[in-house]
Amino acid sequence: LSSHAVCQEDQLVADASDCYLTFHKLTLHLQGDKEPGWLKQLFTDFISFTLKLVLKREVCKEINSLAQMLANFVLDLAANFVRDNDIIVDISLASESIVKAGYLESHHKGLVLYKNYSNIFSDSVFSPSLLTESRMLYFWLSEPTLSSLASAAFLDGRLVLTIGGEKLQSLFEMEDTEEQKKVVQMIFQGTSYNDSVAKVWSLARPEISLQPEGTVVKSLVAVEVSILPAGEEPLVVLYMEKEITVTIQAAYTEKKLILQPSDSSIEFKVFKCTADPSGNDPSIQHFLQTMISVVGIPEVISRIESSLTSLMNSKGLNLFNIINPEIITRKGYIIVQLDFSFPSHLLLNFLEKGL
């Protein structure tokens with residue numbers, strides 16, 4: 001039995017028109033007569049030939065129907081996977097599917113849609129020769145696609161983080177030195193961490209560049225630290241805007257997305273601190289720059305890592321057995337390659353709905 005897929009109205013359509021059946025042995029006997037005369041033999045041969053045609057037609061028809069159901073099921077899963085509330089990735093086909101000897105290659109639009117925002121891509125640098133044929137599944141993600149997703153997340157107000165309590169304390173007490181204690185005392189004015197809160201948010205759309213060493217993210221970020229005196233209005237004791245550039249390597253292991261930051265740089269654009277209104281005390285900015293580099297950036301990336309893992313798991317990724325996944329970053333694109341096994345309960349649901 002064989003089948004292939006074609007492109008029809010932006011949908012992947014299974015086609016088993018070249019389905020064939022081989023009958024190794026099909027013998028009919030009339031009333032148990034194993035040595036019929038020539039007339040009976042002619043009649044049974046005709047019935048056998050007709051039966052083979054009918055079986056072929058009906059079996060291939062069912063195979064074609066099942067293949068189409070499976071194609072629709074997989075595409076529906078994929079479409080749901082790349083959609084979250086108002087952020088949608090259009091994965092309709094961009095061109096006809098290409099049927100190879102051992103695999104099917106389909107090119108999808110990958111356009112990011114968010115309310116009135118959508119992106120326009122230049123030609124992709126994709127080349128099938130950059131892929132091997134040893135893995136079950138490959139994803140090619142271009143730099144414009146990731147940049148557009150980051151822009152949509154920014155427009156949707158998702159690039160905001162609030163830190164308080166013990167987590168805020170661990171950030172500001174990364175070192176147990178007299179200088180660190182002095183700076184923290186100046187900033188928080190003796191207020192408890194439980195009565196303080198820090199807000200971190202992106203002021204502009206992050207810029208993303210894909211390089212062999214990893215994904216380079218450049219973003220203008222604001223940090224605001226406020227203390228909450230009892231019975232009084234919140235008081236902003238620290239506000240700063242800084243341009244951060246960080247290189248991130250991604251991996252997927254034990255059903256979790258791992259983001260590893262490296263080579264970060266920080267440039268202060270705005271700095272306001274009630275403890276140093278003139279901005280002449282270098283110890284405060286030096287401490288803050290060290291804190292942001294050593295623990296601040298890893299903490300923010302860890303939160304993003306956790307949020308993305310939760311988002312992917314909400315789409316059912318954790319139900320699959322992902323085997324030896326690799327995330328390979330090159331200039332202008334990322335390749336994700338893996339083997340996987342399909343969850344049996346999803347297949348059963350699929351068959352129950354189809355039948």
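**Close-up 1. An open sheet of three strands in the order β9-β17-β16**. In this predicted model, the strands of the sheet pair in the antiparallel sense. The edges belong to β9 (137–142) and β16 (321–330). Each of these two has a single partner strand, so one side of β9 and one side of β16 are left without a neighbour in the sheet. Ignoring direction, neighbouring strands here are turned by 15° against each other on average.

**Close-up 2. The pairing of β16 with β17**. Here we zoom in on two of the strands. Strand β17 covers residues 333–341 and joins β16 through eight bridges, in the antiparallel sense. To find your way along the pair, look for glutamate 326, which stands opposite glutamine 337 in β17.

**Close-up 3. Helix α2 packed on the sheet**. Helix α2 spans residues 143–155 and touches the strands β9 and β17. The direction of α2 makes about 70° with that of β9.

**Close-up 4. The packing of helix α3 against helix α5**. Now for a pair of helices. Helix α3 takes in residues 165–172 and helix α5 residues 282–314. Their axes lie 9 Å apart, and the packing angle is about 140°. The two helices are therefore oblique to each other.

**Close-up 5. Residues in the contact of α3 with α5**. Which residues of α3 meet α5? They are Lys167, Leu171 and Phe172. On the α5 side, the partners are Phe287, Leu288, Met291, Val295, Gly296, Glu299 and Arg303. By class, the residues of this contact divide into six nonpolar, one polar and three charged.

Notes:
Residues numbered from 1 in each chain as written. Predicted model: local features only at pLDDT ≥ 70, side-chain atom pairs only at ≥ 80, totals over all residues. Heavy atoms only, no water. Axes fitted to C-alpha atoms, helices over the stretch in contact; angles between N-to-C directions. Helix = DSSP H or I, 4+ residues; strand = E, 2+ residues; numbered from the N terminus. Parallel < 35°, antiparallel > 145°, perpendicular 65-115°, else oblique. Contact = heavy atoms within 4.5 Å. Nonpolar A, V, L, I, M, F, W, Y, C, P; charged D, E, K, R; others polar. Pairing = 2+ DSSP bridges.
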